[in-house]
Amino acid sequence: MSTRIAFLKGHGTENDFVIVPDPENALDLTPAAVAALCDRRAGIGADGVLHVVRSAAHPEAAQMAAEAEWFMDYRNSDGSIAEMCGNGVRVFARYLQHAGHVAEGDLTIATRAGVRTVHIAKDGDVTVGMGSARLPEGDVTVSVGENSWPARNVNMGNPHAVAFVTDLAQAGRLLDPPPVSPADAYPDGVNVEFVVDRGPRHVAMRVHERGSGETRSCGTGACAVAVAAARRDGDDPAVTGTPATYTVDVPGGRLVITERPDGEIEMTGPAVIVAEGEIDAEWLENALR
């Protein structure tokens, strides 16, 4: 291993990431290494790691290499693997532009949830085609303390439970995963969103991200919230033939979510590269002892 490892720091609506460029998939990013990098006191600090790998060089993405040159090998801050991260895709695309791999316009990025289409606009915003939502059947309940609410089960390539509340403070501190029942609805854990209305087709949310705790934003969560809000409001673009657009405020900013009649969901928001530097490999090795 080289004595230093290149990294960048970026965020999308304050959902922040350590970006590790590794085109040939040469680094062994163990769960412990990811957790050390994401540690906000003893490491760089982040909600997750964006491991940047060429699709052809990664066994989980090789079959997508013909469609997308780059694979977002995303890890949660506890080191666990996630299928998808909407804010992460936008920041991943911004990194590719920053590094000169892509220019403004359209590109594709491989993820564990499939290939995602991305558009980098001249104004700096990034739009991601997030795929379509699945709405599994069955009643789900989310609890915080003595309070509980019915929740909408929405899958955006990763699982979400969306609960509409009267006050976002009802979500509590969100340090630990809110209990969700029935337990077998989410055998691999779940992202939980708490949502309030701000106006017509305008909501605000807080989220507990599986494997990361409360974060300032969650892209797939914002998409799940928009879909759940639309269905609650009696709006299904597949039925009406008209796109449904919702503004979703998150603690770190604002995202705009559009569900098209064909089911495709588009998310638009900012993506920022904050800094770049080098990880000291000796520090990382010591951190893992």
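**A chat about the fold**

Reply: Let's start in a loop. Pro-182 sits in the loop between β11 (180–181) and β12 (191–199). Keep in mind that this is a predicted model.

Me: What kind of peptide bond joins Ser-181 and Pro-182?

Reply: A cis one, with omega at about 0°. Most peptide bonds are trans.

Me: OK, zooming out. How many helices and strands does the chain have?

Reply: Five helices and 18 strands.

Me: And what size of box do the C-alpha atoms fill?

Reply: Roughly 55 × 40 × 30 Å, taken along the principal axes. The radius of gyration is 18 Å. A compact globule with 289 residues would have one near 19 Å, so the chain agrees with that.

Me: How much of the chain is buried?

Reply: Buried residues make up 52% of the 289 residues. The chain exposes about 12400 Å². Carbon and sulfur atoms supply 48% of that area.

Me: Where does Ala-93 lie?

Reply: In helix α2, which covers residues 86–98. Ala-93 has a relative accessible area of 0%, so it counts as buried.

Me: Which residues does Ala-93 touch?

Reply: Leave out residues up to four places away in sequence. Then Ala-93 touches Val-102, Ile-109, Val-118, Ile-120 and Val-126.

Me: Ile-109, noted. Which residues touch the most other members in the largest nonpolar core?

Reply: Ile-109 is one of them, along with Met-205 and Ile-257. That core has 50 residues. Its largest share, nine residues, comes from α3.

Me: Is there a second core, or what else is separate? Which residues does it include?

Reply: There is a second, separate core of 18 residues. It includes Trp-149, Leu-174, Val-180 and Val-196.

Me: Back to Ile-257. Which residues is it in contact with?

Reply: Set aside its neighbours within four places in sequence. Among the contacts of Ile-257 are Ala-222, Cys-223 and Ala-226. Others include Tyr-246, Val-248, Ile-265 and Met-267.

Me: Tell me about α3. Is it mostly covered or uncovered?

Reply: Mostly covered. Of the 14 residues in α3, 13 are buried.

Me: What span should α3 have?

Reply: Helix α3 runs over residues 219–232. At 1.5 Å a residue, it should span 20 Å. Its end C-alpha atoms are 20 Å apart, so the two agree. Just after α3, Gly-234 takes a positive phi of about 75°.

Me: Which residues other than glycine have a positive phi?

Reply: Thr-13 is one, with a phi of about 45°. Leu-174 is another, with phi near 55°. Most residues other than glycine have a negative phi.

Me: Where are those two found?

Reply: Thr-13 is in the loop between β1 (4–12) and β2. Leu-174 is in the loop between β10 (159–164) and β11.

Me: Are they buried or exposed?

Reply: Buried means under 20% relative accessible area. Thr-13 has 2%, so it is buried. Leu-174 has 5%, so it counts as buried too.

Me: How do β3 and β4 pair?

Reply: In the antiparallel sense, over seven bridges. Gly-48 stands opposite Asn-76 in β4.

Me: And how do β4 and β5 run?

Reply: Parallel, joined by two bridges. Phe-71 has Ala-110 in β5 as its bridge partner.

Me: Last one. What covers the buried residues of α1?

Reply: The cover includes β2, β3, β4, β18 and α5. The buried residues of α1 are Ala-33, Val-34, Ala-36, Leu-37 and Cys-38.

Definitions and conventions: Residues numbered from 1 in each chain as written. Predicted model: local features only at pLDDT ≥ 70, side-chain atom pairs only at ≥ 80, totals over all residues. Heavy atoms only, no water. Helix = DSSP H or I, 4+ residues; strand = E, 2+ residues; numbered from the N terminus. Buried < 20%, exposed > 50% of the residue type's maximum accessible area, 1.4 Å probe, protein only. Contact = heavy atoms within 4.5 Å. Expected span 1.5 Å × (residues − 1). Core = buried A, V, L, I, M, F, W, Y, C linked by side-chain atoms within 4.5 Å. Rg over C-alpha atoms; globule rule 2.2 N^0.38 Å. Areas by Shrake-Rupley, 256 points an atom, 1.4 Å probe, with all protein chains shown as cover. Pairing = 2+ DSSP bridges.
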